[in-house]
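Open the model in your viewer and keep the selection panel at hand.

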Amino acid sequence: LFYAPNESSDTPRPTVLLCCGHGLHGKLNPAYQRMARHLARRGANVLCPDNIGQGERTPMGHRGVVVPFAAGISLQGMIVMEALAWLNWLSERDDVDSSRLAAIGNSGGGTLTLLLIPFAPQLAAVVSTGYPSSFNFIARKEKKHCHCNILPGITSQLEMHHIYSCFAPKPLLLMQGNGDPLFPEDLFHLNARQVRRAYQQTDAVDQLQTIVVPGGHSWDDQRLQHIGQFLADHLQLNAAEYDPAEPILPETDTCLSAWPTDALDADALALQITGRDIPQGLNLWNVFPMDAPDELPAASTRGETRQILAQMQAFLDGDRTCAI
C-alpha cells in the first residue's frame, strides 16, 4: 500500500517505509493503516508492503520455512534484501525526497528496521519498537521461534546495541511497552544505555529517544502519536492531529483477488536467489545438526526439543553444516 497526502505538490516529499511485523492481516493491520494515514496527513508518503509469507503473501510460507537456511541465507535475510529493494524503488520516484527517507516498525518490523541500519545509509531516521533488547536473550528462549527470527551465527558476532549504535548521529527512536510479554523492560533499558553511549560519543544525544510507555507489545494510539511527532520533528512534517477513528481499509481489500498458482514460494525464491539445489522436506535440525540422541524427551510445552536446540545451534553457528 502506498499512501500520499491529498494535496498535490511539485516538491518531493519525505517518505517512510513502514515495516510490518506479525500483526494480523499484514499491511491491512489497523495499527499499520492508522500510522500510515496519520503520517500522510502530516505530509509524508508512506509505503507499507507485506513481507515474504505474511499478510496477503501468506501462501509463500514464512513461519517454518527451512530451505533458505540450507541454501546459505535466511528468511530474515531475504526480507532485508526485499526491503532494500523497496528503498531503492522509493529513491527513484520523483515524488520522494531521498534525503528524508525513514524506516519504522514494531516487533518483526522492529527487527527489520534494526537490520536495515547497516545496509541502508540513505535512511535519515529510524524507529524500532517492540524488539530492542538482546540477540542472546532471543536465542535462549525455550520456544519454537518463527523462522524469520532466527539469525544464524549472530550471537557469536555482535549484539543489538552494536547495530543500533551504527546509526549515530542520525535520529533514532527505540520504544516498548512496560507490559510487553515478549521482552523484559530491564533488557530494553540495558540496550538503550549502551546505544546512548555511542550517541554521547558522537555528540548527538538529542537525536536519540529511548522510551518505555504504558501498555503491551503492539502499537497503540499513544505510540502512534509519539512516532508521528518524532518523525515530524526530524523529517520536517506538518502539524496534524492523530485521529484514532479515521476510516481504514477492510481486511478483505487485498491487491489480488487470489494468490497466483504459479507464484514462487519462499523456498523457491531462496533457490532462485542462491542457485542452489536443495531437497524439500528439511527440518531445521537437518541444517543445524547437533550431537544428540535420536529420541529426545519433551523439555518444553512450547515446541519440540530438537527444534529448540536447532534454533540455539543456529544462533551460535552460522556455518550451516547441512546433514542431508
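**The nonpolar cores**

This is a predicted model. Begin with its largest nonpolar core, which has 67 residues. Select L116, L123, Y131, Y164 and L172, the residues with the most contacts inside this core.

Next, colour helix α3, residues 75-91. Helix α3 gives the most to this core, contributing 8 residues.

Now centre on L116 and show its neighbours. Leaving aside residues up to four places away in sequence, L116 touches L17, C19, V80, A83, L84, L87, A103 and L123. L123 is also listed with L116 among the residues with the most contacts inside the core.

Then select V16, A102, A125 and V127. These are among the 31 residues of another core, which lies apart from the largest one.

**The salt bridges**

Switch to the charged side chains. Side chains of opposite charge can pair when their charged atoms come close. The structure holds 8 salt bridges; the stops that follow visit some of them.

Select R37 and E246. Their side chains meet in a salt bridge, at 3.3 Å from N to O. R37 belongs to helix α1 (residues 30-41), while E246 sits in the loop between α8 (221-235) and α9 (266-274), so the pair ties together parts that are 209 residues apart in sequence. R37 is partly exposed, with a relative accessible area of 25%.

Move to R93 and D95. The side chains of this pair meet in a salt bridge with an N to O distance of 2.9 Å. R93 is partly exposed at 27% relative accessible area, and D95 also counts as partly exposed, at 24%.

Go on to R223 and D220. Here the closest N and O atoms of the salt bridge are 3.0 Å apart.

For the last stop, select K27, D50 and E56. Salt bridges that share partners join K27, D50 and E56 into one network.

Technical notes: Residues numbered from 1 in each chain as written. Predicted model: local features only at pLDDT ≥ 70, side-chain atom pairs only at ≥ 80, totals over all residues. Heavy atoms only, no water. Salt bridge = Lys/Arg side-chain N within 4 Å of Asp/Glu carboxyl O. Helix = DSSP H or I, 4+ residues; strand = E, 2+ residues; numbered from the N terminus. Buried < 20%, exposed > 50% of the residue type's maximum accessible area, 1.4 Å probe, protein only. Core = buried A, V, L, I, M, F, W, Y, C linked by side-chain atoms within 4.5 Å. Contact = heavy atoms within 4.5 Å.
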